[in-house]
Amino acid sequence: MFNTQLFHKLKRGPQVVVLKDAAIVSAFTGLQSGDRVIDCGAGSGFLAIYLGSLVAPSGRVYSYERREEFAALAAKNVEKASLASVVEVKTKDAANGFEEKEADLVTLDCGDSPLLLEHAFAALKKEGYCIGFLPNVEQVKAFAEKASEVGFKLLATHRLVDEEWLIRPQGCRPENTGLMHTSFLCFLRK
């Protein structure tokens with residue numbers, strides 16, 4: 001079993017995909033051991049690590065990051081998670097396309113995600129999934145419209161809110177703080 005407490009010990013640089021958002025990926029795609037994933041926008045490597053834990057031991061995650069300092073941080077975090085044999089961090093600009101083909105899943109977590117949809121479509125096998133992590137609803141609209149032009153089928157768009165509750169003898173109520181909006185997740189299928 002993968003120890004999710006590890007994420008509290010990893011170094012953060014750029015914004016990370018949190019577990020509530022990462023978990024819905026496996027819930028809706030059925031990602032499993034042996035699958036091949038292209039992760040674009042490695043950042044701190046959190047999503048690649050989570051996905052790597054699911055596809056291990058025989059699957060692979062290829063995580064693209066164009067910024068050298070982010071790629072180095074992601075690679076160190078992958079090493080700390082003991083997933084270097086499953087997750088490969090590549091210092092490459094995905095605007096030039098993906099080297100891998102017949103992937104089961106492509107995740108796009110970067111500012112220019114709509115521009116990468118053609119490359120994602122070309123890299124996926126038939127019935128493969130593409131998921132965009134998008135911070136605002138205007139980006140969701142642009143992403144979905146471009147996805148349709150490319151040939152993807154839009155399955156769903158989700159926004160998850162994680163709200164902790166206080167459970168006390170005098171009454172139960174939501175905490176005053178919580179992890180509210182992090183990202184919209186736009187699910188596509190080839």
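Contact here means heavy atoms within 4.5 Å. I am working with a predicted model.

**Entry 1: helix 5, its length**

I started with helix 5, residues 137–150. I checked its span.

Which residues of helix 5 are buried? I found Val140, Phe143, Ala144, Ala147 and Val150. Their arc around the axis is only 125 degrees, so they sit on the same side of helix 5. I recalled the general rule: an α-helix has 3.6 residues a turn, so residues three or four places apart point the same way. Then I looked at the face turned away from the buried side. Glu138, Lys141, Ser148 and Glu149 are exposed there.

**Entry 2: what covers helix 5**

I looked up what lies over the buried residues of helix 5. The cover includes strand 4, helix 4 (117–123) and strand 5 (124–134). Strand 6 (153–159) and strand 9 (184–189) are also among the covering elements.

**Entry 3: the ends of helix 5**

Asn136 caps the N-terminal end. One of its side-chain oxygens lies 3.2 Å from the backbone nitrogen of Glu138. After helix 5 comes Gly151, with a positive phi near 120 degrees.

**Entry 4: Asp104 in strand 4**

I moved to strand 4, residues 103–108, which holds Asp104. Is Asp104 buried or exposed? Its relative accessible area is 12%, so Asp104 counts as buried, the cut-off being under 20%. Its side chain makes a polar contact with the side chain of Lys125, at 2.4 Å. Beyond its neighbours within four places in sequence, Asp104 is in contact with Asp35, Arg36, Leu124, Lys125, Gly128 and Tyr129.

Definitions and conventions:
Residues numbered from 1 in each chain as written. Predicted model: local features only at pLDDT ≥ 70, side-chain atom pairs only at ≥ 80, totals over all residues. Heavy atoms only, no water. Helix = DSSP H or I, 4+ residues; strand = E, 2+ residues; numbered from the N terminus. Buried < 20%, exposed > 50% of the residue type's maximum accessible area, 1.4 Å probe, protein only. Polar contact = N/O pair within 3.5 Å; in protein donor to acceptor, adjacent residues only side chain to side chain. Expected span 1.5 Å × (residues − 1). Arc of directions from axis to C-beta.
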